[in-house]
Amino acid sequence: MKRVLVAGATGYLGRYVVTALKNHEFYTKVLVRHPDKLSQRGKFLAPSIPNADEVVIGDITKRETLKHICNNIDYVFSSVGITTQKDRLTFNDVDFQGNLNLLKEAEHSHVDKFMYIHVYLDDDLKEAGPLIEAKKRFVKALIESNVDHIIVRPTGYFSDLTQFLKMAKKGRVYLIGDGKTRINPIHGEDLARFCIQSFSEENQTLDIGGPEILTYEQIAYLAFDVFNQKKQIVHIPVGFLKPASVGLKLVSKHYYGLYRFFMNVMTNNVIAPMYGNHKIKNYFNDIV
Ligand SMILES: NC(=O)c1ccc[n+]([C@@H]2O[C@H](COP(=O)([O-])OP(=O)(O)OC[C@H]3O[C@@H](n4cnc5c(N)ncnc54)[C@H](OP(=O)(O)O)[C@@H]3O)[C@@H](O)[C@H]2O)c1
């Protein structure tokens with residue numbers, strides 16, 4: 001029985017990963033900051049966390065809380081990163097240094113493999129922004145480490161598409177540009193299954209997306225259909241947002257990082273090899 005440490009277990013993807021690991025009878029140890037979340041339902045239809053074999057309470061940014069956490073562990077899985085958390089930590093603190101702290105422990109305990117959830121984006125992006133830069137720095141350190149790496153680069157998660165539902169419910173969906181940019185987003189359950197299958201890989205970077213390639217305009221239409229709403233789409237010209245981007249960069253690196261990430265995803269096609277069964281239309285119907 002392989003022993004897996006899951007960091008990020010209370011998040012959207014982490015919950016599906018712990019569930020899939022338990023279903024496949026892996027020994028599962030979870031690192032959590034807030035143990036009360038273990039008994040709470042997940043957001044965006046993500047499942048409750050099944051009983052883990054071991055729970056460690058710690059914070060990836062505090063190295064002392066991670067001491068010996070990887071002892072007797074075969075595989076480390078980390079989907080830790082800043083998404084919507086508001087705890088004053090920076091992308092550098094969490095996405096880079098936090099994951100690096102965990103990697104040091106993994107090296108120290110000679111784990112077999114470290115699987116890291118990165119993000120699928122064009123490597124030649126002109127302005128990746130601080131979120132992606134922090135992740136890229138960690139990926140470089142992971143590849144250079146003496147632990148076998150599996151880097152998974154997913155497109156976008158279904159959880160993020162709920163923003164379209166929120167807007168559609170209010171009767172108006174705002175899109176950046178002409179709405180013709182395409183993406184194949186992936187459901188957490190499909191991605192978790194892919195991750196667990198991929199533990200058999202060695203030193204690989206794996207790009208992955210869901211089974212449907214849609215434009216943002218098509219996703220907006222699917223969201224309107226759920227509410228039987230008149231379709232009203234407002235297109236925001238990309239150039240209109242440029243001054244806001246300059247201002248944000250000066251005022252808040254955190255919000256600039258999130259904004260830059262959002263802009264990169266909305267204005268570049270994000271299409272990776274297709275995987276999974278979950279369809280966006282069904283997800284939208286289930287969640288409302
Ligand atoms: N959303 C997308 O479309 C998308 C696409 C591609 C890649 N990704 C990447 O995939 C990863 C997972 O995304 P997600 O949607 O599952 O994120 P999420 O729901 O926000 O989950 C993040 C997890 O990381 C944990 N975490 C954050 N800071 C921590 C710290 N200092 N110490 C220990 N744990 C910490 C959170 O714990 P708490 O519950 O305590 O906050 C949570 O369990 C992220 O790195 C994200 O950038 C996301």
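Let's start with a term: a residue is buried if 20 or more other C-beta atoms lie within 10 Å of its own, exposed if 12 or fewer, and partly exposed in between, with C-beta atoms placed from the backbone. Take Asp 59, which has 19 other C-beta atoms within 10 Å and is therefore partly exposed. Before going on, keep in mind that this is a predicted model, where local features need pLDDT of at least 70, side-chain atom pairs count only at pLDDT 80 or more, and totals for chains, interfaces and linings use all residues. Residue numbers start from 1 along each chain, as its sequence is written.

Where does Asp 59 sit? Its place is the loop between β3 and β4. Names like these come from DSSP runs numbered from the N terminus: helices are H or I runs of at least four residues, and strands are E runs of at least two. Leu 31 is 28 residues away from Asp 59 along the chain, yet their C-alpha atoms are separated by 7.9 Å. If you skip neighbours within four places in sequence, Asp 59 is in contact (C-beta atoms, placed from the backbone, within 7 Å) with Arg 33 and Thr 65.

Now step back to the whole chain. It has nine helices and 11 strands. Its radius of gyration, taken over C-alpha atoms, is 19 Å, close to the 19 Å that the globule rule (2.2 Å times the number of residues to the power 0.38) gives for 288 residues, so the chain is as compact as a globular protein of that length. Along its principal axes, the C-alpha trace spans about 55 × 40 × 35 Å. Buried residues make up 42% of the 288. Look at contacts with a separation of 6 or more, and 82% of them come from residues 24 or more positions apart.

Next, find the sheet. Seven strands form an open sheet in the order β3-β2-β1-β4-β5-β6-β9, with parallel pairing; two strands pair if DSSP finds at least two bridges between them. At the edges stand β3 (54-57) and β9 (204-208), each with a single partner strand, so one side of each has no neighbour in the sheet. From one strand to the next, the twist averages 15 degrees. Zoom in on β4 (residues 75-78) and β5 (residues 113-117): they run parallel and are joined by four bridges. There, Val 76 stands opposite Phe 114 in β5. Packed on the sheet is α2, which touches β1 (3-7), β4 and β5 and makes an angle of about 175 degrees with the direction of β4. For such angles, axes are lines fitted to C-alpha atoms, for helices over the stretch in contact, and values run from 0 to 180 degrees between N-to-C directions.

What surrounds the ligand? The shell has 29 residues, and the closest are Thr 10, Gly 11, Ile 60, Gly 81 and Thr 83. The elements giving two or more residues to that shell are α1 (12-23), α2 (91-108) and α4 (158-169). The largest share, three residues, comes from α1.

Finally, check out two asparagines. Most residues other than glycine have a negative phi. Asn 72, in the loop between β3 and β4, has a positive phi of about 65 degrees, and it counts as exposed because it has 12 C-beta neighbours inside 10 Å. Asn 203 has a positive phi of about 45 degrees and lies in the loop between α5 (188-197) and β9. With 11 C-beta neighbours inside 10 Å, Asn 203 counts as exposed too.

Conventions
A residue is near a molecule or strand if its C-beta atom, placed from the backbone, lies within 6 Å of it. Two residues are in contact if their C-beta atoms, placed from the backbone, lie within 7 Å.
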